[in-house]
Each structure stands twice: as C-alpha cells, then as structure tokens.
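Please read it alongside the sequence and the coordinates.

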Amino acid sequence: MNILDAICGNGIGFTVDGFRIVYTIIALFMWLMTAIFSIQYFKHHERNGRYFFFFGVTLVSLVGVFLSKDLFTTFIFFELMSFTSYAWVVQEETKEAIRAGGTYLAVAVIGGLAMLMGILLLNNGGYNKYLTCGLIFFGFAAKAGVYPLHIWLPKAHPVAPAPASALLSGILTKSGVFGIIIISFQMMNGDIGWGKFMLALGVITMALGAILALFGVDLKRTLACSSMSQIGFIMVGIGTGTMLSEEGALAMRGTMLHMVNHSLLKLVLFMIAGVVFCNIHKLNLNDIRGFGRNKNFLKICFGIGVVGIGGIPLFNGYISKTLLHEGILECEHILGSGMTSMVEWIFLVSGGCTLAYMIKLFWCIFVEKNEDSALQEKYDGMKKTYITVPSMFAIGLSTLVLPVLGMLPAKTMDKIADLGSEFMHAPELEESISYFSFENLKGGLISIVLGILIYIFVIRLFLMEGATAKERISLKGGVYADKWPAKLDLENLIFRPLLLKILPGILIFFARILDSIVDFVIVVLRKTLYSDRQVPKEYVEGNAITHFFGDRFDRIHYRLTKEDREPVNSYEHRMAMANLRASESHNIISRSLSFGLALASLGLLCTLTYLIWSAMK
C-alpha cells in the first residue's frame, strides 16, 4: 500500500498537456543556460558543490510542480522546491543573505501551511469555495511575489548569485502563477467576484512593482522589482480572463505568453547583471556606471532585453502585452464595468514605467561615463576579458530567442498559446489576431511615449541629484539617489513586528488568560461541588512510607526513642512536609491547561505513530 494513500487519501501523480510541456522545456532551457553561465560566475567562489547540488534538486522539484496531476502532488514538490531554493538565497552566507533567506523561508513556510489547509478542506468536501481557494491562493501567491507577499523579492535577488536570481525571478515565480491559474481558470472560472479580486491584486502588484523599480539604484534589486511588476501584468490577465470566462481567449492567451516572455527576458537580463557583478563586485548604479560603454555584445543583448520587456513592437513583450491590453478592453466592452477603464490606464502607465526604468539601466551601464575617469578607463580596458566564451554562448542563445518570438508571432507565440489553451480552459479564437494593426499598436505607442516622458521628467529630474536640472534632463550628468523612504519597507514596518512580536505576544496573553480561567474554575469546583464530604477529626501528617523511613533515619541519627524526639526537627516530619509539597505541585500541574494540552499532544503523536505503522504493514 502507498503510505501517502493510507495517511492522506492521496497519491503522487503526474500528467502531461501542452502548457506543462512548454514550461518543462522552458525550465530545462533556463537551467542549461544558467549552468553554462555558472562556469564563469562561480570560478572563484567557495561552496560550489552545495550550490550545484541544490541547483539540481530544485530543477527536479520544479518539473514535479509543472507535471503534477493534482494539488496534493503540486504541494509536495512546491514545498520541496521552496526549501531547496532557500540554499540559493543564503549561498554567500553574508548577514544580508541570511536575513533575506529568513524572509524567503518564512513567506514560503507560511504560504505552504495555508495551502495545505486549503487542500485538506478541498478534499474533505462541503467547503466554502472562497475560503478554500483563498487559502490555496495564499500559498501560490507567496511564491509568485503577489502583493503584499512580494517582500522576499527585493531582498532575495540582490544577495543571491546571479544565475539563481535568473531562475528565482524567471521561472520559480511562475510555479506560483501556475497554481493561481489552476484556481482561477479551472476552479473559479466565470466567478466575477474572484476575477475582480485577482484583477485588484494584479493592478496593485503591477503598479507598485513599477514604482519600486523606478526608485531603484541597485541593478539586481531594480530587476527584482521589475519582476514583481510583470507578475502584476500576468495577474491582470488572470483577473480579466476569469471574469470573461468563455469570452476570455485574448486575456488567457496573453497571460500564458507573458509568463513565457518574462521567463526568457529575465534569464537574459539577470545573466548580464551577473557579468557586471563578476567584474566589478558591485551593483549600485553609480558604481557600475559606464561599465558597458565599449562592450558591444553585452550592449546588444541587454538592449534587446530592454525593448522586449518594454513592449516595443517586433519584440516578444509587445505581443503578450497587446493581448493583455485587448483583454482589458474586451472586459470593459462585455461586462461594462467602469473599473476596467481605470485599469487600462494604470496598465498603460505601468507599461511606460517599465520602459522608463529599463532605459535608466541601459543608459547608466552602456551610454553614460563614470564620473571617476580612472575607473572608466579601467572599465574600458576590460573589453577583451570581461566575459568567457561559455557565458557569451549562454547569453547570446538566450537573447536570440526574443526577437524571433516577437517578429514571427503567428508561427511562434500563437502556437505556444494554442498549446496552453486546454490547461487554461481558454476558448478558441474566432479569427486570427493582427498584432501590428493600428488599433493594437496604439496601446503600445502610448506606453512608449509615457516611458520616455517618465524617464526624462521623473527619473532624471526628481530621482537624481547633482548637476543642474537642465543638465539632468538633457542627459548630461547627475547622481542616482535612493529616494525611496526606508520607513515604507513592508517587511520591517508590518511583517516582522507582526510575526515576531505582536502576534506571539497576543497568543501568549490569551493562552495565559485561558490557563488561569481553567485553573480558577477547577479550584472553585474543588472547594464547592467536589469538596470533601467528611472532614477528618484529626489531621494525619505524612503516609506509611514517610513514617517508616523517617522513623528509621531518626533512630539512626538521634539514637532516641520516638517519644524523646523533637517532632519539628525529626526526619519523619521533614519527609512528610516534602511529600505534601510534591503532592500539591502534582495537583496544580495535573489540573492545568498546559498539562491537558501536553497529554493531547502525546495522544496525537501516538495516533500518528499507529497510523504510520498500520500503513507500512
């Protein structure tokens, strides 16, 4: 008998469909590229064996998630993946890495417990669908980086090795989106309330991530916040697709394609960030400024990543964002909700912010000169030694995929979307999509114009210091300043105080009150209903054992008869008092709530042991 069947009523099962095949291939491709790139990145690192061990185990776990047949199997591999990928975050073993790892693990564990509770409720039947799906969603959203569970993203990426960041951002977050799609498109499809909830979280995640990235002055942190924003774009597609249901083909296809695009784009961008870090060992924009001025290979690859994620026509990001935008318009047309009109503008502005912060990174690294001329000269001298041939191969091949997808959408991206239709319960398209018609180009062009304006008049004018305002706007100077208020860090503002101080304090307070109430009730009952019926005429001190041994010790020590001893100083009296104190302590403990809970825990442990023993027979 399968032990999992015996205990949980479930077994581990796998299945295959178009969506699962696509993401298994993407996972294998990304692992292969990052493994090749890791040759350069970890050349001078210690503890490489540990990294590559968890590198392999995490791949197996992730593929297990994507090929899982049911939510129980998904949960098993999902939790295994969370623990193995934790080793990536703490790989460097710095103070910042350990703290970020703690945040990552805490979010993963809490999310996993919520998911497990939801799965058990689902299997039990007779459940409230919103409660059950909400609990399961919480677990998946924690991994995906959906607001407000995004707190691990900006902390983990800057400290994790660049190959790990590429995988954490590019595909491990998609394992969370994978689960959210199951809930929304398979379990809650057509539910307007659930769709609005997904849409609201998507809009917040999309906009907040874009704002955080605009303020970023750390290369990998900016890319991490960008990942949060792009997950928000995907969530918008999930929300509109859920509400539209049978009419949601465009939104559902856009959801899958933006997942694929974001995975491939972040693979390229984080590997290039890794090249920068390998050479400089810094990530602050002011320090890495001008590093790539004469490095044409890196400049072209990063530039393709910029225009891809920025939604420029003829590149892959434009295709998926166009479908998501059309899904919003279709939702407004069919459901007539005034809310979607506002969502459309937030979508377009967030797209503009995406282009703006990516232009900031490209201009800083590949166009501007470093203010330290000696440092710039050093960067220029690295032209032939900054990257190895295997790394060039990994980055170049990963980059080559992006324009191919964008320039041939009918032969590439439409085929990918068709493969995912069954899994996403997406209806068939009634007619082919004209991606480059004026109507579809219009939304992308609005975002492009907004992006250029945001870069010049927000980033250059307000988010940079030094030089004059005119010089900054004309792209001729300035220092990148970290102007995001530290007090707005949700982890330090809410989550750590809540989970480490406030919540434990509240639980301890109520536990003490409950324990005191139970003890008080027992004492009252003991003195009233359960008091002694007969009061003995004379109190007898001690018992037969204390009398026997006390008398013997007294005879040996005092060498006196019983009648000649001092009762207070005798061993017999002292042993009787010790017995009385032990009896009182035993009564207090055995009547307390804590003792009852301890016995209950022991009973549960015995029950679990018996179940496992029975299952293994």
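Helix axes are lines fitted to C-alpha atoms over the stretch in contact, and angles between N-to-C directions run from 0 to 180 degrees. The model is predicted, so local features need pLDDT of at least 70 and side-chain atom pairs count only at pLDDT 80 or more, whereas totals for chains, interfaces and linings use all residues. Residues are numbered from 1 along each chain as its sequence is written, and side-chain values use heavy atoms, with hydrogens and water left out.

**Overall content**
- The protein chain has 24 helices and two strands, taken as DSSP runs numbered from the N terminus (helices H or I, at least four residues; strands E, at least two).
- Of the 617 residues in the protein chain, 50% are buried, meaning under 20% relative accessible area, with exposed over 50% and partly exposed in between (1.4 Å probe, protein chains only).
- Among contacts (heavy atoms within 4.5 Å) with a separation of 6 or more in the protein chain, 78% come from residues 24 or more positions apart.

**Packing of α11 and α18**
- Helix α11 (residues 249-280) packs against helix α18 (residues 413-424) at about 115 degrees, and their axes are 9 Å apart.
- The crossing of α11 past α18 is right-handed; this term applies if the near helix is turned clockwise from the far one by less than a right angle, and left-handed if anticlockwise.
- Residues of α11 in this contact include Met252, Arg253 and Met256, while those of α18 include Asp414, Ile416 and Met424.
- By class, the contact of α11 with α18 has eight nonpolar, four polar and three charged residues (nonpolar: Ala, Val, Leu, Ile, Met, Phe, Trp, Tyr, Cys and Pro; charged: Asp, Glu, Lys and Arg; polar: the others, Gly among them).

**Packing of α3 and α4**
- Helix α3 (residues 48-66) and helix α4 (residues 71-89) have axes 8 Å apart at an angle of about 155 degrees.
- α3 and α4 are therefore roughly antiparallel (over 145 degrees; under 35 is roughly parallel, 65 to 115 roughly perpendicular and the rest oblique).
- α3 passes α4 in a left-handed crossing.
- The contact of α3 with α4 comprises 13 nonpolar, six polar and no charged residues.

**Individual residues**
- Serine 184 lies in helix α8 (residues 162-187) and counts as buried, at 0% relative accessibility.
- Beyond its neighbours within four places in sequence, serine 184 contacts Asn189, Trp194, Met198, Ile238 and Thr242.
- Cysteine 353 counts as buried at 8% relative accessibility, whereas cysteine 606 is partly exposed at 47%.
- The structure holds zero disulfides (pairs of cysteine sulfur atoms within 2.5 Å).
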